[in-house]
Amino acid sequence: LISAVLKSDQSINSGSWTTVQFDGNRKDERNEFDFNSHQFIPDSTKWVFIQCQVLFNIGADGDQLGVRLRDVTNGNSIATAREEVGGSGFNTVQLVGVFPVNDSASYEIQAINSDSADTVDRPNQNTYLTIRSAFR
């Protein structure tokens, strides 16, 4: 089990995928999360259940927000969740699913606002990542 949170607000540039800097270590039972690089490095090839929520503090109606799981080793997106927001203020995007991971790769969660510079917020630990081994 890995459970990590964003401890400090993080700025992201408009239109650029940015690695979410999960730096609050609540739990990492198998030492698979690097809190310096903010990457998940599986100890074996397996399936994992990932639940991730990113809280955006945006200023513009209609902005396109996204969160993705990215394979750092080859640069590919494994899964992406996107939303168009209907107003300014706090908006969340969640990425939830079961995904195959390889022990020769590393993975990260990235966030994007395609239309505006933005802030990923951490109040009450509403930006979080949970990873559980699902199958081997």
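## Burial and basis of the model

A residue is called buried when its relative accessible area is under 20%, exposed when that area is over 50%, and partly exposed in between, with a 1.4 Å probe and protein chains only. By this criterion, buried residues make up 49% of the 136 residues in the chain.

The model is predicted, with local features needing pLDDT of at least 70 and side-chain atom pairs counting only at pLDDT 80 or more, while totals for chains, interfaces and linings use all residues. Residues are numbered from 1 along each chain as its sequence is written, and side-chain values use heavy atoms, with hydrogens and water left out.

## Overall architecture

The chain contains zero helices and 13 strands, where helices (H or I, at least four residues) and strands (E, at least two) are DSSP runs numbered from the N terminus. Its C-alpha trace spans about 45 × 30 × 20 Å along the principal axes. The radius of gyration, taken over C-alpha atoms, is compared with a globule rule of 2.2 Å times the number of residues to the power 0.38; the chain has 14 Å, which agrees with the value near 14 Å for a compact globule of 136 residues.

Contact means heavy atoms within 4.5 Å, and among the contacts in the chain with a separation of 6 or more, 73% are accounted for by residues 24 or more positions apart.

## The largest nonpolar core

A nonpolar core is a set of buried Ala, Val, Leu, Ile, Met, Phe, Trp, Tyr and Cys residues joined through side-chain atoms within 4.5 Å. The largest such core has 32 residues, of which Cys52, Phe56 and Ile109 touch the most other members. The elements giving two or more residues to this core are β1 (2-5), β7 (46-58), β8 (64-71), β9 (77-84), β10 (89-101), β11 (107-113) and β13 (128-135), and the largest share, six residues, comes from β7.

## Two contrasting positions

Valine 67, found in strand β8, counts as buried because its relative accessibility is 0%. Leaving aside neighbours within four places in sequence, valine 67 is in contact with residues including Cys52, Phe56 and Ile109, as well as Trp17 and Gln110.

Aspartate 23 lies in the loop between β3 (18-19) and β4 (24-28) and, at 28% relative accessibility, counts as partly exposed. Its C-alpha atom is separated by 5.6 Å from that of leucine 6, 17 residues away along the chain. Beyond neighbours within four places in sequence, aspartate 23 is in contact with Val5, Leu6, Lys7, Ser8, Phe35 and His38.
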